[in-house]
Structures are given as structure tokens and as C-alpha cells.
Amino acid sequence: MREAGNPLVWCRRIVHERTLLVLAMIGLVVIACVLWKTARIISTIQEKAAIVEARQIALAIDTFRTVYTEEVVERLRPHGIEVTHDYRSKEGAIPLPATLSMQLANRLSNEADGRRVRLYSDFPFPWRTDGGPQGDFELEALSALRDRPEDPYYRFGLLDGQSVLHYAIADRMRPSCIACHNTHPQTPKADWKVGDVRGVLAITQPVIGRAEAEMDIGGMLLTLLLFPLGALLPLMYLIRRTKQAVASLENASSDEADRMRSEASAAEPGNRDDDSRAVLITGTVVALVVFGFDISLPLGLAAGVPYVLVVLKFG
């Protein structure tokens with residue numbers, strides 16, 4: 001009774017009676033863990049690549065704005081060239097740096113690819129009807145960048161079923177812009193200081209290949225779960241029938257069974273009957289095929305070796 005209720009004895013019996021099944025489950029768990037870790041590594045690489053690309057877009061827009069302000073606006077303004085947001089309706093006028101930056105952001109946005117670039121503020125001029133923050137991320141980014149304007153603010157999420165990166169940097173007040181923003185008759189705020197966070201440059205960047213990689217990993221896991229189980233069933237059936245045949249022979253004649261056991265114990269380990277050799281060959285082949293399928297050959301052989309050893313011992 002003590003042995004029947006002993007978990008250690010029960011585990012030993014299961015391992016002895018279902019050796020192949022136990023090893024198969026252990027192998028599947030190990031391979032699943034490896035694939036999961038691989039998927040996490042791939043996902044991390046893709047996320048970092050998306051951050052780098054978004055940072056480059058933000059840097060390009062910010063650099064363009066600085067160059068346009070210093071090399072175009074500041075050089076033309078002393079010659080009487082008007083710099084205004086509605087330059088299209090005025091002959092000889094040129095756009096404001098912020099206006100041109102917004103147009104560049106619109107050009108960089110691509111709905112087909114899922115990219116969106118936007119310059120917004122919680123103090124937009126009246127003519128910018130869509131210039132305020134839109135959505136939770138833009139509100140959070142504005143608050144976070146006011147607290148830490150030197151650091152970008154970003155997070156990953158889903159947009160229309162696609163993995164995306166939301167990335168934002170602070171748009172700080174420049175010395176060349178302070179006078180206009182504080183003196184314009186329609187300004188929503190007239191006490192700006194140099195360095196204040198005037199607004200935010202936000203970029204929504206798709207994480208390329210992330211969904212496809214997750215689907216590939218899921219397919220591999222499904223294959224590793226279904227194929228080995230399907231391949232093991234015939235082998236388990238063959239082993240069970242062999243054990244039943246041996247049990248029938250032992251029950252038919254105890255004397256003959258004693259003689260057979262005596263001969264088997266006196267024989268060399270390699271001397272086995274034809275039925276045992278058939279089980280050995282079948283188990284060896286199936287073990288190698290199961291764990292060599294849909295994974296690299298070295299990993300398949302490494303996972304199949306324990307099965308071959310078990311068959312050699314108990315086959």
C-alpha cells in the first residue's frame with residue numbers, strides 16, 4: 001500500500017512503461033522553449049529596428065527645419081520676403097518653418113504602409129483646426145515630454161490589427177520663433193520662453209515582419225506537436241502488441257517461459273529474437289525521423305539520441 005501511494009514509485013513505473021512518450025513530451029517542451037525564446041529575440045530585434053527608423057525620421061525633420069530656418073528664412077526676411085502660414089495666397093511669400101515641416105510630415109506619412117508623421121500642439125493657432133493632440137498616446141507624450149524634453153517617448157501597440165511603434169520627441173521653442181509666437185495677434189499663448197515644449201513631433205511606425213514572424217513560430221509549434229504524436233502512435237501500438245504477445249507466451253507454458261528466460265539471461269546482450277530486432281529497427285528509424293523533421297539536422301539528431309538509447313536498452 002505504501003508503494004502504491006508513493007509518487008516516486010508511480011513516476012518510475014510511468015517512465016519505465018511509457019519511456020518513449022515521456023521522452024517525447026520532454027523533447028517537445030524543450031523545443032517549444034527554444035522556439036519561444038527565438039521568437040522573443042526576433043521580436044526584440046524588430047522593435048529596435050522600428051525605434052531606429054522612427055528616430056531617423058524625427059532627426060531628419062528636425063534637421064530640415066533648422067536648416068530651412070537658418071539658411072532660407074533668416075536670409076530672405078531682411079529682403080522683405082514675407083514668411084507666413086498662408087503663403088499660397090500671397091505673392092512672393094514663403095512658408096513658416098513649422099508650416100513647411102508639417103507639409104514634409106504629411107509627405108512622409110503613408111497610409112498604405114501604416115506610417116503616420118504629425119506635428120501637433122496643445123496651443124495650436126486658430127487656423128490649425130486639427131493641430132491639437134489626438135488620442136491617448138499624443139496626450140501622454142505631450143505630458144511626458146514636458147517633464148523630460150530631452151528623452152523620446154514611445155510605446156508599442158496595435159493599430160488596425162498591425163503591430164506599430166508610437167514614437168514622439170519634443171518640439172521646443174527656438175530663439176528665431178519666440179518673437180512671432182509671443183506677438184502674433186492670434187497667438188493662443190504669449191509668454192513662451194526659449195526651450196519651452198511648444199508641441200510634439202509624433203511618428204507612428206509599423207513594426208515590419210513582427211506579425212509574420214509570430215505566425216511562423218506558431219506554425220512550427222503546431223507542426224512539432226502534431227507530427228511527433230502522430231508518428232509515435234504506431235510505434236507505441238507495436239510495442240504494446242509485442243508485450244501482449246510475450247505475456248501470452250508466458251501464461252501458456254510456465255516451463256517454456258522459464259526456459260526462455262534462462263536462455264535469454266545466459267545469452268549475450270546482442271542476441272535478440274527477430275521480433276525484438278524489428279522493434280529496435282522501427283523505434284530507431286521513427287525516433288530519428290520524428291525529431292529530424294522541420295528542425296535543423298543537428299538539433300534533430302541531438303533530440304533523437306536519447307530515444308535510440310532507450311530503444312537499444314528496452315527494445
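Modeller: The discussion below takes those topics in turn.
This is a predicted model, in which local features need pLDDT of at least 70 and side-chain atom pairs count only at pLDDT 80 or more, while totals for chains, interfaces and linings use all residues. Residues are numbered from 1 along each chain as its sequence is written, and side-chain values use heavy atoms, with hydrogens and water left out.

Colleague: How many helices and strands does the protein chain have?

Modeller: The protein chain has nine helices and six strands. Helices (H or I, at least four residues) and strands (E, at least two) are DSSP runs, numbered from the N terminus.

Colleague: What share of the residues counts as buried?

Modeller: Of the 315 residues, 33% count as buried. Buried means under 20% relative accessible area, exposed over 50%, and partly exposed in between, with a 1.4 Å probe and protein chains only.

Colleague: Which residues have the most contacts inside the largest nonpolar core?

Modeller: That core has 16 residues, and those with the most contacts inside it are Ala 58, Val 117, Leu 165, Tyr 167, Leu 201 and Ile 203. A nonpolar core is a set of buried Ala, Val, Leu, Ile, Met, Phe, Trp, Tyr and Cys residues joined through side-chain atoms within 4.5 Å. Two or more residues come from each of α2, α3, β3, β5 and β6, and α2 gives the most, with six.

Colleague: Turning to the second largest pocket, what is its volume?

Modeller: The second largest pocket holds about 890 Å³ of space. Of its 42 lining residues, the closest to the centre are Ala 98, Thr 99, Met 102, Trp 127 and Arg 128. A pocket is an open set of points on a 1 Å grid over the protein atoms alone, where a 1.4 Å probe fits, with protein on both sides within 12 Å along at least five of seven lines; lining residues have an atom within 4 Å of a point.

Colleague: Which element gives the most to that lining?

Modeller: α3 does, with seven residues.

Colleague: Now the cysteines: how many disulfides are there?

Modeller: A search of the whole structure finds zero disulfides, a disulfide being a pair of cysteine sulfur atoms within 2.5 Å.

Colleague: Is Cys 177 buried or exposed?

Modeller: Cys 177 counts as buried, at 13% relative accessibility, whereas Cys 180 counts as partly exposed, at 35%.

How values were computed:
Grid points are joined across faces, edges and corners, and a volume is the space filled by probe spheres set on the points.
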